[in-house]
Amino acid sequence: SAERFSEGAVLFHGRLNEYAEAIIEAIRDIDREAPFRHLVTPGGHRMSVSMTSCGDLGWMTDRKGYRYTETDPDSDRPWPPMPELFSELAGEAAEEAGFPGYRPDACLINRYRPGAKLSLHQDKDEQDYSHPVVSFSLGLPATFLWGGFRRKDKPDRLLLEHGDVLVWGGPDRLRYHGILPLPEGEHPLMGAQRINLTFRKAG
Ligand code: MD5
Ligand code: FE
């Protein structure tokens, strides 16, 4: 089922269920080429979420700032290619949400262990905000904070569960958002973790 909770935001419940094993297998391959790592923010904080990327561009942060790179700074090799399954599933969901022709060039893969969180932020490192962001959730459920356009706007809460796809664009593209600390738990396919794939057209 699909739920439009704002003009530019649609949540497709359980959309990935039949593809979950294939997606998890592809993430294992990416992790072998470009292992998950805890990045450091410009302010010097080590992020509790660990990250890797696939596609032409990968998002990263270090003391110098947030940016997209064509290569993994840990290996100096290009990021692993984006599996076709990923771009097809992201493109189909975007089209159904009202964004036809979506071709993401960046897929950030976030791994949350219990206790990991993502503070309220905007996604502002992309060149053109007319392209939506598509997010896949796998593993343990997490509470997503859906905020306004100012950091101090009180966010709504939304549960993101295994198999969910969130498409986010248009007038909602620059909303503040975040993830509350992941509760303990054990997922049958994923164990004690949540993985989020965030697709963007960054370049
Ligand atoms: C996550 N990731 O679950 C979230 C979900 C990130 C990030 O926020 O930056 O890696 S992505 C949901 C999202 C994407 C783009 C815009 C908005 C939400 N929004 O405007 O609320 O790891
Ligand atoms: Fe974000």
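The model is predicted: local features need pLDDT of at least 70 and side-chain atom pairs count only at pLDDT 80 or more, while totals for chains, interfaces and linings use all residues. Residues are numbered from 1 along each chain as its sequence is written, chains are lettered from A and ligands numbered from 1 in the order in which they are written, and side-chain values use heavy atoms, with hydrogens and water left out.

## Polar approaches and cover

Oxygen atoms of ligand 1 are approached by polar side-chain atoms of Tyr 112 at 2.5 Å, of Arg 200 at 2.8 Å and of Arg 194 at 2.9 Å. On its own, ligand 1 has 500 Å² of accessible area, of which the protein covers 98%; such areas come from the Shrake-Rupley method with a 1.4 Å probe, and for residues only the protein chains shown count as cover.

Ligand 1 sits in the largest pocket. A pocket is an open set of points on a 1 Å grid over the protein atoms alone, where a 1.4 Å probe fits, with protein on both sides within 12 Å along at least five of seven lines. A molecule sits in a pocket if more than half of its atoms lie within 2 Å of its grid points.

## Strands that supply the shell

Strands (E, at least two residues) are DSSP runs, numbered from the N terminus.

Arg 200 lies in strand E15 and is buried, with a relative accessible area of 8%; buried means under 20% relative accessible area, exposed over 50%, and partly exposed in between (1.4 Å probe, protein chains only). The C-alpha atoms of Arg 200 and Gly 58 are separated by 9.9 Å, although the two residues are 142 residues apart along the chain. Ile 195 also has its place in strand E15 and counts as buried at 4% relative accessibility. From C-alpha to C-alpha, Ile 195 and Lys 117 are 12 Å apart in space and 78 residues apart in sequence.

## Side-chain contacts of buried residues

Ser 135 belongs to strand E10 and is buried, at 10% relative accessibility. Its side chain makes a polar contact of 2.9 Å with the side chain of Asn 196. A polar contact is a pair of N or O atoms within 3.5 Å; within protein, one must be able to donate a hydrogen and the other to accept it, and residues adjacent in sequence count only if both atoms are side-chain atoms.

Asp 72, in strand E6 (residues 71-72), is buried with a relative accessible area of 1%. The side chains of Asp 72 and Arg 37 form a polar contact at 2.8 Å.

## An exposed loop residue

Asp 76 is found in the loop between E6 and strand E7 (77-78). This residue is exposed, with a relative accessible area of 62%. The phi of Asp 76 is near 65°, a positive value in a residue other than glycine. Most residues other than glycine have a negative phi.

How values were computed:
On a 1 Å grid over the protein atoms alone, a cavity is a set of points where a 1.4 Å probe fits but cannot get out, and a pocket is an open set with protein on both sides within 12 Å along at least five of seven lines; lining residues have an atom within 4 Å of a point. Helices (H or I, at least four residues) and strands (E, at least two) are DSSP runs, numbered from the N terminus.
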